[in-house]
Amino acid sequence: MSEQGEWRLTAIDARELLITKLEHAARTLRLDRMISFGGSTHPFAEYFKGFENVEAVRRIFGQKTEEVLAKLRVEFTWVRSYMWVSGVDGHLTISSYYLNHGDRVDVYLDLIHELVHVRQFMEGKELFDSNYNYIDRPTELEAYRYAVEEARNLGLSDERICRYLKTEWMSDEDMQRLARTLGVEYVRAH
Ligand SMILES: [Zn+2]
């Protein structure tokens, strides 16, 4: 992908993410040349290649995998966050900053997590049910279960999984409870 020192990524290949992950590399995705798209959406499949062949993704959508991924739209935003699924039309929004600077393993697991939300949206589920705290929300727990299962399939340790689960807005107490719910041994992140 490198040409005369200029790095230009046109698509993120699921296999590449997986390989990187297996190497336990903490390198970051680099989408240096990615520009602001001004809120417009793009075909997911144009930027994320090969996800229809990832077993974890097939577990989420079953026989509808190709169809769903072909229709899924993605929006890149400069808002510094991670990624989320719209509760209005089910499209995926991803922070360009996160893609640029986030750990590849985390980005990959987040994609698995968010694709579960895509399916939940299609099923008519309420993604942002405020009757629940974030870490108790059934839709979140289901999404986390898929991500943790995939993390385990890839041989990640409980310590690494905890590092993945921990976000800056989650208290240690919440983090502990979430880990317990998901059957992950809690290891305090440093
Ligand atoms: Zn979620």
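## Ser171 and its loop

Ser171 is partly exposed, because its relative accessibility of 33% falls between the 20% and 50% cut-offs. The model is predicted. Ser171 sits in the loop that joins helix H8 (158–165) to helix H9 (172–181). A polar atom of the Ser171 side chain lies 3.0 Å from the backbone nitrogen of Asp174.

## Asp158 in helix H8

Asp158 belongs to helix H8. Its side chain makes a polar contact of 2.9 Å with the side chain of Arg152. Leaving aside residues up to four places away in sequence, Asp158 touches Arg152, Val184 and Glu185.

## Salt bridges

Side chains of opposite charge can pair when their charged atoms come close. The structure holds 14 salt bridges.

One of them links Glu55 and Arg59, with the closest N and O atoms 3.7 Å apart. Both residues lie in helix H3 (residues 55–61), 4 residues apart, or about one turn of the helix. Glu55 is exposed at 62% relative accessibility. Arg59 is partly exposed at 33%. Glu55 and Arg59 also join Glu149 and Glu150 in a network of salt bridges.

## Two further pairs

Glu66 pairs with Arg58 in a salt bridge, the closest N and O atoms being 3.0 Å apart. Glu66 is partly exposed at 39% relative accessibility. Arg58 is partly exposed too, with a relative accessible area of 31%.

Arg119 forms a salt bridge with Glu123, and here the closest N and O atoms are 3.2 Å apart. Arg119 counts as buried because its relative accessibility, 13%, is under 20%. Glu123 is partly exposed at 45%.

Notes: Residues numbered from 1 in each chain as written. Predicted model: local features only at pLDDT ≥ 70, side-chain atom pairs only at ≥ 80, totals over all residues. Heavy atoms only, no water. Helix = DSSP H or I, 4+ residues; strand = E, 2+ residues; numbered from the N terminus. Buried < 20%, exposed > 50% of the residue type's maximum accessible area, 1.4 Å probe, protein only. Polar contact = N/O pair within 3.5 Å; in protein donor to acceptor, adjacent residues only side chain to side chain. Contact = heavy atoms within 4.5 Å. Salt bridge = Lys/Arg side-chain N within 4 Å of Asp/Glu carboxyl O.
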